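Student: I have a structure to study and would like to go through it with you. Can we take it step by step?

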Amino acid sequence: MMRQQIAAANWKMNLTYAQAEDLLDNLLQDSHTFQPHQSVVLAVPFPYLSLAKSKVTGKANFFVAAQNCYTQKSGAYTGETSAEMLQSMGIEFVIIGHSERREYFNETNAILAEKVNMALTYSLTPIFCCGEPLQIREAGTQNSYVAAQLEESLFQLSVEQLKKIVIAYEPIWAIGTGKTATADQAQEMHAHLRKTLADQYGQDVADTISILYGGSVKGSNAKDIFSRPDVDGGLVGGASLVAADFGQIIDALK
Ligand code: PGA
């Protein structure tokens, strides 16, 4: 079985409405030849979800994601967005646990477990982010650090639930820094993550899970990184804001 290969754009908190519209139009006018196991996921800011959703209508292989959702179903949580709201507008994916959410909004592994559960309850595919900070990489303890992120946020899931997850490995020292992990470093960690999943859920299950690499992916390095056996595409910040660059990244999917 060929795992799903995904080029995911994470726009973060960027672009005005008009700029978002322009970027979507530019991205969608380029023609790409897709195979059935290849997808593009656009994680746009909440106010642009409707716009993005309407632009991708009729474009097979293109999907829209939110960048976050809340732990609770509904209620008096001013400013938050529920998984049910996202589902009700046809959104298919949601990023959970991006390192910026962990760092600036104090999202712990335990909170992220609740968000993953909530996303699955409303049939959203979580793109669950993990990854170590520089000091952990320098100490050489990244494998156990990242395995603990999976254990504490995902291992409450049943096999059937886990199969619906996409994982993104994003070493924090490579995000927005221009410093990419080498393709070897990405492959090594992705293989470790897959083994961590296999030890808990079995190899057959682990082999179905798409694991994306994130951290300074560009048009120029995507092909090399995506070519590794355990790398199933990328989660792309900066380069996803430039249509030509992201187009090249889409074309690098295997
Ligand atoms: P970057 O961001 O591509 O700008 O490094 C990746 C991410 O944070 O998802």
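Tutor: Two notes before we start. This is a predicted model, so local features need pLDDT of at least 70 and side-chain atom pairs count only at pLDDT 80 or more, while totals for chains, interfaces and linings use all residues. Residues are numbered from 1 along each chain as its sequence is written, and side-chain values use heavy atoms, with hydrogens and water left out.

Student: How many helices and strands does the chain have?

Tutor: Helices (H or I, at least four residues) and strands (E, at least two) are DSSP runs, numbered from the N terminus. Counting these runs gives twelve helices and eight strands.

Student: What radius of gyration does the chain have?

Tutor: The radius of gyration is taken over C-alpha atoms, and the globule rule is 2.2 Å times the number of residues to the power 0.38. For 254 residues, a compact globule would come out near 18 Å. The chain agrees with that, at 17 Å.

Student: What box do the C-alpha atoms of the chain fill?

Tutor: The box is taken along the principal axes. Its sides are roughly 45 × 45 × 35 Å.

Student: What share of the residues is buried?

Tutor: Buried means under 20% relative accessible area, exposed over 50%, and partly exposed in between (1.4 Å probe, protein chains only). Of the 254 residues in the chain, the buried share is 54%.

Student: How far is the polar side-chain atom of Glu-170 from an oxygen atom of the ligand?

Tutor: A polar contact is a pair of N or O atoms within 3.5 Å; within protein, one must be able to donate a hydrogen and the other to accept it, and residues adjacent in sequence count only if both atoms are side-chain atoms. Asn-10 puts a side-chain N or O atom 3.4 Å from a ligand oxygen. Gly-237 uses a backbone N or O atom, at 2.8 Å from an oxygen of the ligand. For Glu-170, the distance is 2.7 Å.

Student: How much of the ligand's accessible area does the protein cover?

Tutor: Accessible areas come from the Shrake-Rupley method with a 1.4 Å probe; for residues, only the protein chains shown count as cover. On its own, the ligand has 280 Å² of accessible area. The protein covers 95%.

Student: How many residues apart are Arg-194 and Asp-230?

Tutor: Their side chains form a salt bridge at 2.5 Å, N to O. Arg-194 is in helix 9 (residues 183-201), and Asp-230 is in the loop between helix 11 (222-226) and strand 8 (233-236). The pair links distant parts of the chain, 36 residues apart.

Student: Is Arg-3 buried or exposed?

Tutor: Arg-3 is found in the segment before strand 1. A network of salt bridges links Arg-3 with Arg-194, Asp-230 and Asp-232. The side chain of Arg-3 also reaches the backbone oxygen of Pro-229 at 3.1 Å. With a relative accessible area of 13%, Arg-3 is buried.

Student: What is phi of Leu-15?

Tutor: Leu-15 sits in the loop between strand 1 (5-10) and helix 1 (17-29). At 27% relative accessibility, Leu-15 is partly exposed. Its phi is positive in a residue other than glycine, near 80°.

Key: Salt bridge = Lys/Arg side-chain N within 4 Å of Asp/Glu carboxyl O.
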